[in-house]
Amino acid sequence: MNNLLADPAPDFDQPVAVLKHCHGRIRKQLATLEKLLAHLPEHGADEQARQAATAVLKYFDKAAHLHHEDEEQDLLPMLLAVAKGEDAATLQALVPVILQEHKDMDAMWQDLHEQLTSIADGSGTQLSASIVRRFVQNYHGHMEREEGIVAPMALRLFGPDQMARLGGAMRRRRGLEQPAPSIGDTVADLRKDYGQARLDESDVADDPMDQFTRWFEEALKAEVNEPNAMSVATVGEDGRPTSRIVLVKQFDARGFTWYTNYDSQKGKQLASKPFAALLFFWSELERQVRIEGRVERTSAEESDKYFNSRPLKSRLSAIASEQSEPIANRAALELHYEEVARQYGEAPPRPQHWGGFRLVPERIEFWQGRRSRFHDRIVYTRQEDGSWTRQRLQP
Ligand SMILES: Cc1cc2nc3c(=O)[nH]c(=O)nc-3n(C[C@H](O)[C@H](O)[C@H](O)COP(=O)(O)O)c2cc1C
């Protein structure tokens, strides 16, 4: 029965509803305060008055502060960060008013707090009618402004990510950390909504290498982590794919070049099946580029040139490592390196089995993350005559 009549607060996964629910509680405490004001002259600090004063004190000393902090530290800064145009102008005018009202109400509360403490412990009956009236009036006006403008704006502008961030901050502020979910649940719940940019047919370059160059420059500018790291997928003779990360060292009209050991697993696979799929994922920009095509070796001169540009220790490592072959332990590997270093000194020559691969692209797809998984995908396909066509693909 009790449960049916209770007024349960919404969960923090609906933080705007929680804030509105707090307003309901504030209204209730304001009504108690007004009743107490009317009650005192006739009854003094009797049991009922003491109980009322205690309840009001408890709410405004703690919960109201947390509520103000939710707005000042999370809700309003988050709104200011996303609002544009008319919304931004509205906030610019309104936020200073809201912050000032919080200060004014806090100051009035200090006076009321002292008087209510005396009533609660039965040592006083003094409650300033003018402060109570101003306090009640200010709070009502303040809450109406927030409910009429701020809450609807948050519901309109915040996506699921922002709601989760706001709810999380409010939960932490109240010490209500949720029990740590299992890693399985965490992985399933990892869900980021994208919305930084868009990719339009009218924005993209005619040549996909120009488009790639543009995006690569943007990745550098955005200081994305390892912008030249890409996954290279190859297939074995048995038709099974494998993939690994390498660093692209050059890209131009001829294709995308990386350096490796020709006797490694990927080297052997490319020798028998000279096709690969490259993948760049620039998460900070919510972008992915997929590149497919035939793979060839770079010329010996090109490989020499790049090999000789590498730091000495990297050159010695390339000689010392039979990449992808098993070895007993780390000590054996380091011993082999020392031998190589002793043998070649400062000028190790490029080993025959080390050099560049270049993927000559036949298909390049640019993917830009968009809201609610409705992403943009534009794919370029190379034609027989070397020209490129492009199409939009469904997300
Ligand atoms: C960030 C990063 C960069 C890498 N760069 C290269 C590279 O440029 N060349 C390379 O041969 N391996 C590179 N590796 C190591 C490869 O991922 C892989 O372990 C190695 O090439 C052996 O692969 P395989 O056995 O499939 O041939 C890199 C790994 C990471 C994580």
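Biologist: How do you know what confidence the chain of this predicted model has, taken as a whole?

Modeller: The mean pLDDT of the chain is 93, on a scale from 0 to 100, and 98% of the residues reach 70 or more. Residues 1-5, however, have a pLDDT below 50, and this stretch makes zero contacts in the model beyond near neighbours in sequence. Where pLDDT is low, predicted coordinates should not be read in detail.

Biologist: Why is H2 called roughly antiparallel to H3?

Modeller: Helix H2, residues 15-43, packs against helix H3, residues 47-82, at an angle of about 150 degrees, with the axes 9 Å apart. Angles over 145 degrees count as roughly antiparallel, and therefore the description applies to H2 and H3. The crossing of these two helices is left-handed.

Biologist: What makes up the contact of H2 with H3, by class of residue?

Modeller: The contact has 15 nonpolar, six polar and three charged residues. Among those in H2 are Leu-19, Ile-26, Leu-33 and Arg-25, while those in H3 include Ala-52, Val-56, Phe-60 and Asp-70.

Biologist: Which residues are closest to the ligand, and which elements give two or more residues to the shell around the ligand?

Modeller: Of the 15 residues that surround the ligand, the closest are Arg-244, Thr-260, Ser-264, Gln-265 and Ser-324. Strand E2 (241-247), strand E4 (255-261) and helix H9 (265-272) each give two or more residues to the shell, and E2 gives the most, with five. By class, the shell divides into six nonpolar, six polar and three charged residues.

Methods:
Residues numbered from 1 in each chain as written. Predicted model: local features only at pLDDT ≥ 70, side-chain atom pairs only at ≥ 80, totals over all residues. Contact = placed C-beta atoms within 7 Å. Axes fitted to C-alpha atoms, helices over the stretch in contact; angles between N-to-C directions. Helix = DSSP H or I, 4+ residues; strand = E, 2+ residues; numbered from the N terminus. Parallel < 35°, antiparallel > 145°, perpendicular 65-115°, else oblique. Left-handed = near helix turned anticlockwise from the far one by under 90°. Nonpolar A, V, L, I, M, F, W, Y, C, P; charged D, E, K, R; others polar. Near = placed C-beta within 6 Å.
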